[in-house]
Amino acid sequence: MTPKLFFQALTKFVIGLLLIGLLLFLPAGTFDFWQAWLFIGVLFVPMFIAGIVLMIRQPELLRKRLDAKEQQQEQKWVVALSGLMFIAVFVVAGLNRRFGWYMLPDWAVYIATAIFLVAYAMYAEVMRENVWLSRTVEVQENQQVVSTGLYGIVRHPMYAATLLLFLSMPLVLASAWSFVIMLIYIPIIALRIRNEEQVLERELKGYTEYKQRVRYKVIPFIW
């Protein structure tokens with residue numbers, strides 16, 4: 001761990017926290033939005049803990065994830081569309097709170113929170129299993145096919161985790177309309193997976209054989 005890495009990680013964490021808070025509370029017109037406080041807690045507390053663990057145990061992985069930038073044009077469009085989608089989800093959730101369009105019942109919020117935390121744990125397990133896990137579509141030096149654990153069930157367990165994470169987010173915020181917007185993530189991630197598998201088949205030895213052994217991409221027996 002270096003001071004530069006620490007301040008880089010801390011800066012991005014604080015900026016993310018402030019940005020999401022702004023996107024939620026400003027449209028809501030109030031801080032009396034307990035679902036937003038709950039969401040910020042379940043999102044950023046585990047993120048902070050995971051960041052500390054990575055900084056101590058795997059600083060190179062943390063640095064790689066902080067500095068990651070997409071090189072392929074198709075993936076740049078995916079990232080841009082995802083960013084716009086998230087902005088819309090948070091702003092609409094805030095407006096939903098302000099105007100009371102339709103707030104989901106508390107029990108739905110609690111169930112969504114449980115799903116969100118399970119998905120977070122799943123994401124952490126994927127990071128533990130795959131030391132080559134990257135935020136960008138690339139094949140790294142000396143990278144090998146990971147086929148054990150969750151990778152023995154679906155080829156892209158990271159995307160399975162993010163699918164659960166992202167679809168539960170608007171429900172934690174009690175916003176059905178935001179959930180409808182978040183469904184856009186499904187075709188977005190389908191495009192990303194298609195491009196990623198093309199790269200892996202072309203550049204990662206053994207990936208074609210792995211695809212033949214593990215048939216499903218994200219959801220067992222469905223997709």
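Mentor: A salt bridge is counted where a side-chain nitrogen of Lys or Arg lies within 4 Å of a carboxyl oxygen of Asp or Glu. Please note that this is a predicted model, in which local features need pLDDT of at least 70 and side-chain atom pairs count only at pLDDT 80 or more, whereas totals for chains, interfaces and linings use all residues. Residues are numbered from 1 along each chain as its sequence is written, and side-chain values use heavy atoms, with hydrogens and water left out.

Trainee: How many salt bridges does a search of the whole structure find?

Mentor: The search finds four. In one of them, glutamate 197 pairs with arginine 155, and the closest N and O atoms are 2.7 Å apart. Helices here are DSSP runs (H or I, at least four residues), numbered from the N terminus.

Trainee: Are glutamate 197 and arginine 155 buried or exposed?

Mentor: Buried means under 20% relative accessible area, exposed over 50%, and partly exposed in between (1.4 Å probe, protein chains only). Both glutamate 197 and arginine 155 are buried.

Trainee: Which residue forms a salt bridge with lysine 211?

Mentor: The partner is glutamate 201, with the closest N and O atoms 3.2 Å apart. Lysine 211 lies in helix H9 and glutamate 201 in helix H8, so the contact ties together parts 10 residues apart in sequence. Lysine 211 is partly exposed at 23% relative accessible area, and glutamate 201 is partly exposed at 35%. Through shared partners, salt bridges join Arg155, Glu197, Glu201 and Lys211 into one network.

Trainee: Where does aspartate 32 lie, and where arginine 97?

Mentor: These two residues form a salt bridge whose closest N and O atoms are 3.7 Å apart. Aspartate 32 is in the loop between helix H1 (3–28) and H2, and arginine 97 is in helix H4 (residues 73–99), so parts 65 residues apart in sequence are tied together. Aspartate 32 is exposed, at 55% relative accessibility, whereas arginine 97 is partly exposed, at 25%.

Trainee: How many aromatic pairs does a search of the whole structure find?

Mentor: Rings of Phe, Tyr and Trp (its six-membered ring) pair if their centres lie within 6.5 Å; planes under 30 degrees apart count as stacked, over 60 as edge-to-face and the rest as tilted. The search finds 16 such pairs. For phenylalanine 39 and phenylalanine 116, the ring centres are 6.1 Å apart and the planes stand at 70°, so the pair is edge-to-face. Phenylalanine 39 lies in helix H2 (residues 34–57) and phenylalanine 116 in helix H5 (residues 106–129), so the pair ties together parts 77 residues apart in sequence. Phenylalanine 39 is buried, at 0% relative accessible area, and phenylalanine 116 is buried, at 0%. Ring pairs link Phe39, Phe86, Phe90, Phe116, Tyr120, Phe166 and Tyr185 into a cluster.

Trainee: Finally, how many residues of H6 are buried?

Mentor: The count is 14 of the 16 residues, so H6 is largely enclosed by the rest of the structure. The expected span of a helix is 1.5 Å times one less than its number of residues. H6 reaches 22 Å from its first C-alpha to its last, close to the expected 22 Å. Just after H6, alanine 174 takes a positive phi of about 65°.

Terms used:
Helix = DSSP H or I, 4+ residues; strand = E, 2+ residues; numbered from the N terminus.
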